[in-house]
Amino acid sequence: MSLFRFHKSKSIYNETIENFKCLKRLGYVIGQKIGEGAYSKVCIALFTRGDVQKKLACKIINKKRARSELMNKFLPREISIVSMIDHPNIVNVLNILEINNTLYMFMDYCKNGDLLEYLRTHDVWSLGCILFIMLFASMPFDDSNVTKMLRSQQEKSAYFDVCRVWRNSSPALCDLFNNILEPDAAKRCNIAEIASSKWLQEEHCVQILRDL
């Protein structure tokens, strides 16, 4: 996998047309959009070389619209990590192209959806992290240092500071996080236990669920 850069001064519309023409010359045709985030989208792509065609997924990131934190911190880290991955059970990034300040990351296409969708549906830990973000607008663990993050997960120290503040007003919520973000999977609560938790039985939660 390699990173190639092509730059030309164009309007946004003309840039897109020019980018797609450039990609086509390299064997890539961008198709239907299958996902979208704040600064990127994912499309189906078709790669053709000779008589061989392969269906791929392409993550498209507009560098002009992306926040500086994404471009300077998270994206370089993502590219560094995916460049080292080569495993049959992990989605592999096959090529990365940069054209007119737009990044195209071509990767294996998974027809059954992405890992995040699976985790949101099945993994209690991920559900706990998502709930924490929704309530407190922050991650339960600081991911700026992987070693410290793993230690704080094992010690449950990172989110305890928040729970201490909420202990008096919502002890049931703190207990729920304590059970969801349990590092020992054998001790972690399951979906049924979350559904029957005291916090979800509180009146404000019942009303929210009733209005859904």
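## Aromatic pairs

F47 is buried, as its relative accessible area is 16%; buried denotes under 20% relative accessible area, exposed over 50%, and partly exposed the range in between, computed with a 1.4 Å probe on protein chains only. The model is a predicted one, in which local features need pLDDT of at least 70 and side-chain atom pairs count only at pLDDT 80 or more, whereas totals for chains, interfaces and linings use all residues. Residues are numbered from 1 along each chain as its sequence is written, and side-chain values use heavy atoms, with hydrogens and water left out.

A pair of aromatic rings is described by the distance of the centres and the angle of the planes. Rings of Phe, Tyr and Trp (for Trp, its six-membered ring) pair if their centres lie within 6.5 Å; planes under 30 degrees apart count as stacked, over 60 as edge-to-face, and the rest as tilted. The count by this rule is 3 aromatic pairs. In one of them, the ring centres of Y28 and F47 are 4.6 Å apart and the planes stand at 35°, so the pair is tilted. Because Y28 belongs to strand 2 (residues 28-36) and F47 to strand 3 (residues 40-49), this pair ties together parts 19 residues apart in sequence. Y28 is buried as well, at 7% relative accessibility. Ring pairs join Y28, F47 and F106 into a cluster.

The rings of F132 and F177 have centres 5.2 Å apart and planes at 70°, so this pair is edge-to-face. The pair links distant parts of the chain, with F132 in helix 4 (residues 124-136) and F177 in helix 7 (residues 171-180), 45 residues apart. Both partners are buried: F132 has a relative accessibility of 1%, and F177 one of 0%.

## Helix 4

The 13 residues of helix 4 should span 18 Å at 1.5 Å a residue, and its end C-alpha atoms are 18 Å apart, which agrees; the expected span is 1.5 Å times one less than the number of residues. Besides F132, the buried residues of helix 4 include V124, W125, S126, G128, C129, L131 and F136. A137 follows the helix and has a positive phi, near 55°.

## Salt bridges

The whole structure contains 4 salt bridges, each defined as a side-chain nitrogen of Lys or Arg within 4 Å of a carboxyl oxygen of Asp or Glu. In one of them, K33 pairs with E36, and the closest N and O atoms are 2.8 Å apart. K33 is partly exposed at 43% relative accessibility, whereas E36 is exposed, with a relative accessible area of 60%.

Another salt bridge joins the side chains of D108 and K54, at 3.9 Å from N to O. This pair links distant parts of the chain, D108 being in strand 6 (residues 102-108) and K54 in strand 4, 54 residues apart. D108 is partly exposed at 21% relative accessibility, and K54 is partly exposed at 39%.

K63 forms a salt bridge with E98, in which the closest N and O atoms are 3.2 Å apart. Because K63 lies in the loop between strand 4 and helix 2 (68-84) and E98 in strand 5 (residues 93-99), the pair ties together parts 35 residues apart in sequence. K63 is partly exposed, with a relative accessible area of 26%, whereas E98 is buried at 2% relative accessibility.

## The surroundings of N62

N62 is placed in strand 4 (residues 52-62) and counts as buried at 19% relative accessibility. A polar atom of the N62 side chain lies 2.9 Å from the backbone nitrogen of K64. When neighbours within four places in sequence are set aside, N62 is in contact (heavy atoms within 4.5 Å) with Y39 and N101.

## The protein as a whole

The secondary structure comprises 10 helices and 6 strands; helices (H or I, at least four residues) and strands (E, at least two) are DSSP runs, numbered from the N terminus. Of the 212 residues of the protein, 33% count as buried.

Among contacts between residues at least 6 apart in sequence, 49% join residues at least 24 apart. The protein exposes about 13,900 Å², of which carbon and sulfur atoms supply 55%; accessible areas come from the Shrake-Rupley method with a 1.4 Å probe, and for residues only the protein chains shown count as cover.

How values were computed: Polar contact = N/O pair within 3.5 Å; in protein donor to acceptor, adjacent residues only side chain to side chain.
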